[in-house]
Amino acid sequence: MELSYLGEDLSGTITRDGQLFILGNMVAEVDNTVWITIDGRRQQAHVALSKDAWWVHFAGHTIRLDIVEAGFTASDSGGGLTAPMPGKVLEVLVKTGQNVTEGQALLVLEAMKMEHRILAPKDGEITAIHFNTGDQVTGGALLLDLQTE
Amino acid sequence: MLKRVLIANRGEIACRIIRACKEAGIESVAIHAANDSGALFTELADIVVELEGNTIAETYLNSEQIITIAKDVEADSIHPGYGFLSERAEFATAVIESDLIWIGPSPQAIIEMGDKMTARRTMRAAEVPVIPGEEVEGGIEEIIAAAAKVGYPLLLKASAGGGGKGMRAVHSPEDVREAAEGAMREALNSFGDDRVYVERLLSGSRHIEIQILADSHGNTIHLGERECSIQRRHQKVFEESPSVALEPDLRQQMGDAAIAAAEAVSFVGAGTVEFLLTPQGEFFFLEMNTRIQVEHPVTELVTGVDLVREQLRIAAGEEMSCEELQMRGHAIEVRLYAEDPSNNFLPAIGDLLTFIAPQGPGIRLDTGVRQGDAVTPDYDPMLAKLIVWAPSRQEALQRLARALDEFVILGCTTNIRFLRELCDHPDVIDGWTTTDMIERLWPDGWTPDMTGRILEVAYLAANAAEASGYGRKGKQSIIGNSSELETPFATLSRRYP
């Protein structure tokens, strides 16, 4: 997706999949709302900035746009398996060097009083385990390394 | 009349009870853990006491400390809300033995209903139909043997259980050992009791529950049903009254069965008898909850009865004030959770940067949070209950859809959009709701329908806000000052809350 602006009034155009969308005039007000005129109709969006993302509410939808700092690239091809949220490791179900298949449970995490299973996203080999049973983990902590083919 | 009620709970239900106390001219005492200081319920209460300790066991589950505080502040009664100590008979006993009024049923009734295996036996004796299954005395091997007798698919349930904890659906014998171990472990962690029993899984059934009120003057009445069929992993998501599945005849039969269940344990107070209703129209006792329930507002809106106020009256030894059952219109409650429905409903955390609740006719919001609060992993991820009332079911769904569209929560991922799409689903509109419908409709998980220009607008709005300097302290607006507007678009990546 490519985006560009036309000038001071923040009119916007967006190109997606080769198609051009013109989204009309947009006025960013000082508070947490943005008014957008689309096809002659004025509509309101709510915005808020958290530490690492812009949050937008528009037409009943909430969209979170993560701000990716320059120099950091998020990798989604194999690699590490991270804790989706803070919690405690209840059980480690695999060993280093073990071959696992897609969907296999690797580790059980307890968070918010519920058990969550961390599953293998692909077939591969466990090359490292970073926590033991009973350890507390923070959200985003790297739990294990999975080497995929 | 009660004079000063200590609320042994937190969050939205503490707020609900404090408000009922205020309306009744009763003083309220809030107790809270250190990590709840400044929470909404502590601001509403007349007297606030901080609990010592860090864990839930040391704070909200610490009956000794709670009773000591109640005596210290000269409270005359304790309301347990739901969850926490609400169904702990030993707590109820300790409260009563400390010369305090327990706002709930007798410890004996809690014991007889609280242990699911005991309840099944009591109900059989009272001729209330129970789900085919096996009570299990023993450990893992006995559970596996009982499972073979009941047949598959089946449900493993913690005898001390509730809220879907310690529960597992098992579809084939290969999975039973691992599932039983998981259920036992979760039961042990959640309830300190790892006994698990086996029930046949009645798929395609509806979850119907009957609200009961009973006073100490011998009156036991039912207040109609709530249908709570739309569930996810046995957690209720969407609750309504009346149910499209109940004709007056069936309502009468189930109401009578619920009254019989309550009377079998000499129940006094507000309680709920849960049933499964099969597609063939047979109903089976599931369990009785001997407390006020999360979804009680649904009944309040269609019957006009203030259930918490009645609890306060009944606990004081007065007669309940309700008339014979009258149901009017239709009410629906949805539970807003801090969770990510597009990522297997994983609980979410974050700051409530924006929290704008819907308003207008027929809308009720029960919540314990407001803008600026943080959602932490310390407690249950339920943020709020949104309840709507309208003259008909169709209008109630329309009102709910409108209210969910208006609801703005930014800074923490929620299930609002998921609930909103439920309102439009043909099966929900037709009232064709079953306890397995979420898994049936979205077997591969749910993602939001983003047709239209939602995403484009989101990028533009975020960029406009960024460019205007909004939200960034000390950063000047760059509007109108550059021909090459720096756009952060290339550095934004999308996620679906």
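**Helices and strands in chain B**

User: In this predicted model, at what angle do helix α1 and helix α11 of chain B pack?

Analyst: Two packed helices are described by the angle between their axes and the distance between the axes. Here the helices are α1 (residues 11-24) and α11 (residues 307-315) of chain B, and their axes lie 9 Å apart. α1(B) passes α11(B) in a right-handed crossing. The packing angle is about 65°.

User: How many residues of the contact of α1(B) with α11(B) are nonpolar?

Analyst: Let's look at who meets whom. From α1(B) come B:Arg16, B:Ile17, B:Ala20, B:Cys21, B:Glu23 and B:Ala24, and they meet B:Leu307, B:Val308, B:Arg309 and B:Leu312 of α11(B). Among these contact residues three are charged and none polar, which leaves the nonpolar ones: seven.

User: Which strands are at the edges of the open sheet of eight strands in chain B?

Analyst: Follow the order of this antiparallel sheet: β14-β13-β10-β11-β12-β15-β22-β20. From one strand to the next, the twist averages 25°. An edge strand pairs on one side only, and that describes β14 and β20 (363-367) of chain B.

User: Which residue in β11(B) is the bridge partner of B:Leu213?

Analyst: Strand β10 (residues 206-214) and strand β11 (residues 220-232) of chain B run antiparallel, joined by six bridges. In one bridge, B:Leu213 has as its partner in β11(B) the residue B:Ile221.

User: At about what angle does α9(B) run to β11(B)?

Analyst: Helix α9(B) lies across β10, β11, β13 (269-277) and β14 of chain B. Relative to β11(B), the helix runs at about 105°.

Technical notes:
Residues numbered from 1 in each chain as written. Chains lettered and ligands numbered in written order. Predicted model: local features only at pLDDT ≥ 70, side-chain atom pairs only at ≥ 80, totals over all residues. Heavy atoms only, no water. Axes fitted to C-alpha atoms, helices over the stretch in contact; angles between N-to-C directions. Helix = DSSP H or I, 4+ residues; strand = E, 2+ residues; numbered from the N terminus. Left-handed = near helix turned anticlockwise from the far one by under 90°. Contact = heavy atoms within 4.5 Å. Nonpolar A, V, L, I, M, F, W, Y, C, P; charged D, E, K, R; others polar. Pairing = 2+ DSSP bridges.
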